[in-house]
Amino acid sequence: MVLAACGGNGGDGGGSGSGGETQNWKFVTEEVKGQVQYEYAEEFAKRMKEKSDGKVNIQVYEYGGLGTESDQVEQLQNGAVQMAVMSPGFTGNMVKEGQIFALHFLFPDSVKKTQEILNTSEALNTDLVEKYKEHNITPLAFWTEGAMQWTSSKKIDSPDDFQNFKMRTQTSPLILESYKAYGAQPTPMSWSELYTALDRGTVQGQENPIFFIGDASFHEVQDYMTLSNHNNYVAMTTVNTDWFNGLSEDMQKMVKETTKEMQDWVFKEQKKQNEEYLKVIKNDDENPTEIVELTEEQRQAFKEKAMPVRDFYRKEVSTVDGKILDKLQKEIEKATAE
Ligand code: 6CS
């Protein structure tokens with residue numbers, strides 16, 4: 001009840017959404033201006049304003065203004081903000097099943113196919129959503145920010161290169177487990193500390209989509225970028241569950257429709273940004289980065305080490321005996337056979 005009241009009143013004039021009054025909502029992202037999540041939220045706000053004839057006024061927050069990624073999760077849960085772009089990589093200690101996205105080489109190599117699966121998967125959009133709802137978070141959509149690559153201070157083209165390698169990760173335990181499987185020493189930290197940590201050698205490498213590596217200038221303090229495509233960066237559009245349930249049906253419909261439209265928009269946005277930043281990194285002569293392309297055989301060596309992590313997920317992480325993973329794997333098999 002307390003959460004409902006708090007969520008429902010979020011922002012002045014928040015209200016139930018049933019009347020004609022102005023609605024002021026807060027939408028927090030984990031990225032800064034120009035980056036995919038922030039631009040997503042701005043575009044979302046613009047569309048909602050237009051559709052509601054100016055009645056829905058969404059204030060978008062860059063990363064940093066409201067604290068760390070973990071603080072932002074709490075703010076969404078307690079209704080201090082109504083909407084958030086959230087990465088499952090920071091909620092793993094709470095929603096264990098959400099760590100499914102930490103499994104390497106699970107989704108197809110094609111980012112487009114991956115997005116299609118994220119759009120249609122029942123395992124994710126129904127079963128996993130239920131798990132988040134238990135924590136007053138409703139994911140309305142899952143979308144990729146692109147394939148992730150490794151940057152490093154030494155060349156990485158085989159699992160041996162990861163031996164005792166200090167790898168920065170997000171906080172979800174299964175992400176750490178995925179890097180331990182290669183022999184690395186994972187070190188969780190917020191991305192706001194990462195540039196300095198790479199520069200000082202506190203950590204030797206990290207994973208992210210290319211646009212983020214380039215925009216956050218990580219390549220300036222790294223010597224190599226391995227095009228590993230070992231995973232996709234998946235983000236979620238989330239709302240405070242109690243607040244959302246308190247909106248009028250029309251308003252809920254408007255939010256859902258906008259979220260749906262935005263799937264195509266964000267796919268194009270991440271593609272554009274990832275392509276542009278690959279050129280930026282390649283052409284940055286002042287900060288040269290060696291691009292390491294893996295052969296299929298080299299990728300296979302990483303895949304073999306990554307496979308046992310799925311059993312670990314089933315046995316040690318999943319609270320439903322791996323049922324969501326089993327279902328998702330079937331959906332992926334079906335989608336890739338088409
Ligand atoms: O590496 C990270 O933690 C950050 N990466 C991206 C692509 N978005 C936000 C996130 O916090």
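## About the model

This is a predicted model, where local features need pLDDT of at least 70, side-chain atom pairs count only at pLDDT 80 or more, and totals for chains, interfaces and linings use all residues. Residues are numbered from 1 along each chain as its sequence is written, and side-chain values use heavy atoms, with hydrogens and water left out.

Helices (H or I, at least four residues) and strands (E, at least two) are DSSP runs, numbered from the N terminus.

## Around the ligand

Let's start with the ligand. Its surroundings are E30, E31, Q37, E69, F90, R168, Q170, W191, N208, P209, F212 and Y233; a residue counts here if one of its heavy atoms lies within 4 Å.

A polar side-chain atom of R168 is 2.8 Å from an oxygen atom of the ligand. For Q170, a polar side-chain atom is 3.0 Å from a ligand oxygen atom, and for E69 the corresponding value is 3.3 Å. Such a polar contact is a pair of N or O atoms within 3.5 Å.

## Helices α4 and α10

The axes of helix α4 (residues 111-120) and helix α10 (residues 249-283) come within 12 Å and cross at roughly 155 degrees. Axes are lines fitted to C-alpha atoms, for helices over the stretch in contact, with angles from 0 to 180 degrees between N-to-C directions. The two helices, α4 and α10, are therefore roughly antiparallel, a label for angles over 145 degrees.

On the α4 side, V111, K112, Q115 and N119 meet Q263, F267 and Q270 of α10, where contact means heavy atoms within 4.5 Å. By class, this contact has 2 nonpolar, 4 polar and 1 charged residues. Ala, Val, Leu, Ile, Met, Phe, Trp, Tyr, Cys and Pro count as nonpolar, Asp, Glu, Lys and Arg as charged, and the others, Gly among them, as polar.

## Helices α11 and α12

Helix α11 (residues 296-306) and helix α12 (residues 308-317) have axes that come within 5 Å and cross at roughly 25 degrees. That makes α11 roughly parallel to α12, the label for angles under 35 degrees.

Here E304, K305 and A306 in α11 meet P308, V309 and R310 in α12. Their contact divides into 3 nonpolar, no polar and 3 charged residues.

## Two backbone angles to look at

Most residues other than glycine have a negative phi. S217 is not a glycine, yet has a positive phi of about 60 degrees. N229, also not a glycine, has a positive phi of about 45 degrees and lies in the loop between β8 and β9 (232-240).

Methods: Angles under 35 degrees count as roughly parallel, over 145 as roughly antiparallel, 65 to 115 as roughly perpendicular and the rest as oblique. A polar contact is a pair of N or O atoms within 3.5 Å; within protein, one must be able to donate a hydrogen and the other to accept it, and residues adjacent in sequence count only if both atoms are side-chain atoms.
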